[in-house]
Amino acid sequence: MRAAGFLAGALLLTAGCGLSSGSPMADDVSPGSIGRGEPLRGARLTVTSKSFTENLILGAMIGIAFRAAGADVLDRTGIQGSIGSREAVRKGDADAMYEYTGTAWITYLGNSRPVPDPRRQWRAVRDADAGNGLTWLPPSRLDNTYALAMNQANHRRYRTRTLSAAAALSRSDPGAVTLCVEGEFANRADGLRGMEKAYGMDVPASRVTQMDTGIIYTQAAKGSCAYGEVYTTDGRIKSMKLVVMDDDKGFFPHYNAAPVINSGTLRKWPAIAGLLDPITRKLDNTVARELNAEVDVDGEDPHQVALEWMKDQGFVT
């Protein structure tokens, strides 16, 4: 996921938040299209995740897959912050999680410039983390990055579908473009300032309103601002029928979700890779928005949402 806002998790790690707790994953699942022959029988594996909706769902998917393949699974999903869950896998306190390429490249590995091509970004992270005891399995198309979105009425009025078109509108009709953004996004080089430079967009400060994330979605849906800063896999995009502008110049960093496995665990249980690959291949932004909406809009439990999706896809029975 996006690098912003998660460094506080390092402080929680030292207190053992999420690492000293956990419970056995008790899902009564059997192999479907994955887990046949129970190649993980005899394994005792721990899955982890960050605490936001999407990562909770993805963490549950890993645990359910391990259960179907015969493993005993300890559920330690929901670690606060970003660094804590990564460190758990790195140190061997946990065995697997879904992580985001951009987060690793920028936040953990200390790079200031993202790699524009998503596959190359994944390879760069995979190679850099190989010496950290972490193995990155192939990434999904799920790319949880920044975007601008507008409501249906404004979309019909202005007909913009790309950030280039939004930038052109800001030049041809400056009064039409108002923005609702988070405070951090407004000041980040990989946020508003960088986007304006990359696209030649010039929106005066008087037409940019900074607000909390959740309020942005409602204000964009109401049309109080023409464009709102959103995250591309957020379930509220679907529920509020927002239209997302395509980042046609590829400015924003890529945050593709991929399984990250403790390298020692993978050497001991190499079947993990083949077990998770089919799941990862199914994940994209549309799937993520639908599953996230079931939790954030409909109030469903993240683990149950993951389980039902796994069953619907035929991965487990």
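The model is predicted, with local features needing pLDDT of at least 70, side-chain atom pairs counting only at pLDDT 80 or more, and totals for chains, interfaces and linings using all residues. Residues are numbered from 1 along each chain as its sequence is written, and side-chain values use heavy atoms, with hydrogens and water left out.

**Exercise 1.** Classify how helix 2 and helix 13 are oriented to each other.

*Solution.* Helices (H or I, at least four residues) and strands (E, at least two) are DSSP runs, numbered from the N terminus. Axes are lines fitted to C-alpha atoms, for helices over the stretch in contact (heavy atoms within 4.5 Å); angles run from 0 to 180 degrees between N-to-C directions. The axes of helix 2 and helix 13 come within 10 Å and cross at roughly 130°. The two helices are therefore oblique to each other.

**Exercise 2.** Find the residues through which helix 2 and helix 13 meet.

*Solution.* Helix 2 brings Met61, Ile62, Ala65 and Phe66, which meet Ile272, Leu275, Leu276 and Ile279 of helix 13.

**Exercise 3.** Locate the disulfide (cysteine sulfur atoms within 2.5 Å) and give its handedness.

*Solution.* The structure holds 1 disulfide. Its partners are Cys180 and Cys225, with sulfur atoms 2.2 Å apart. The torsion about their S-S bond is about -125°, so the disulfide is left-handed. Cys180 lies in strand 7 and Cys225 in the loop between helix 10 and strand 9, so the pair ties together parts 45 residues apart in sequence.

Note on methods:
Parallel < 35°, antiparallel > 145°, perpendicular 65-115°, else oblique. Disulfide = S-S within 2.5 Å.
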